[in-house]
Amino acid sequence: MALTITPETSAIDTDAAIAALRSHPDVDTDRVAAMGYCVGGLLSYVGVSRRPDRFTACVVFYANG
């Protein structure tokens, strides 16, 4: 399954997740971060790189790719 994920499809998922978080009343939209491990690290990095205005931090562990 992980091999079918692309940066493009991940960007769609990341945008949807950020929109959902930002719409929640308990979320401080000035403090949103992404974190990922292995493939998730790569996808976190790509997602934040494409939308840096929506994140304040990104933590990547053992990014693959």
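Analyst: This is a predicted model. Start with Cys38, which is partly exposed, with a relative accessible area of 29%.

User: Why is Cys38 called partly exposed?

Analyst: Buried means under 20%, and exposed means over 50%. Cys38 has 29%, so the label is partly exposed. Cys58 also has a relative accessible area of 29%, so Cys58 is partly exposed by this rule.

User: Where does Cys38 sit, and what is its phi?

Analyst: Cys38 is in the loop between β1 and α2 (39-50). Phi of Cys38 is near 60 degrees, a positive value in a residue other than glycine.

User: What makes Tyr37 and Tyr62 an aromatic pair?

Analyst: Ring centres must lie within 6.5 Å. Those of Tyr37 and Tyr62 are 5.7 Å apart, so they pair. The search of the whole structure finds 1 aromatic pair.

User: Why is the pair of Tyr37 and Tyr62 called edge-to-face?

Analyst: Planes over 60 degrees apart count as edge-to-face. Here the angle between the planes is 75 degrees, so the name applies. The pair links distant parts of the chain, with Tyr37 in strand β1 (residues 33-37) and Tyr62 in the segment after β2 (57-61), 25 residues apart. Tyr37 and Tyr62 are both exposed.

User: Which residues make the nonpolar surface patch?

Analyst: Met35, Tyr37, Val59, Phe61 and Tyr62 make a patch of about 610 Å². Strands β1 and β2 each supply at least two of its residues.

User: Why is Thr14 called buried?

Analyst: The limit for buried is under 20%. Thr14 has a relative accessible area of 18%, so Thr14 counts as buried. Thr14 lies in helix α1 (residues 7-23). Leaving aside neighbours within four places in sequence, Thr14 is in contact with Gly47 and Phe55.

User: What does Ala33 touch?

Analyst: Ala33 touches Phe55 and Ala57, not counting residues up to four places away in sequence. Ala33 lies in strand β1.

User: How do you know that Arg50 and Glu8 form a salt bridge?

Analyst: The rule asks for a side-chain nitrogen of Lys or Arg within 4 Å of a carboxyl oxygen of Asp or Glu. Arg50 and Glu8 come to 3.7 Å, N to O, so they qualify. Arg50 is in helix α2 and Glu8 in helix α1, so the bridge ties together parts that are 42 residues apart in sequence. Arg50 is partly exposed at 41% relative accessibility, and Glu8 is partly exposed at 48%.

User: How many salt bridges does the rule give?

Analyst: The count comes to 2 salt bridges. Arg51 forms one with Asp15, with the closest N and O atoms 3.1 Å apart. That pair links distant parts of the chain, Arg51 in the loop between α2 and β2 and Asp15 in helix α1, 36 residues apart.

Terms used:
Residues numbered from 1 in each chain as written. Predicted model: local features only at pLDDT ≥ 70, side-chain atom pairs only at ≥ 80, totals over all residues. Heavy atoms only, no water. Phe/Tyr/Trp six-rings, centres within 6.5 Å; stacked < 30°, edge-to-face > 60°. Helix = DSSP H or I, 4+ residues; strand = E, 2+ residues; numbered from the N terminus. Buried < 20%, exposed > 50% of the residue type's maximum accessible area, 1.4 Å probe, protein only. Patch = residues over 30% accessible without salt bridge, like charges linked within 9 Å, V, L, I, M, F, W, Y side chains within 5 Å. Areas by Shrake-Rupley, 256 points an atom, 1.4 Å probe, with all protein chains shown as cover. Contact = heavy atoms within 4.5 Å.
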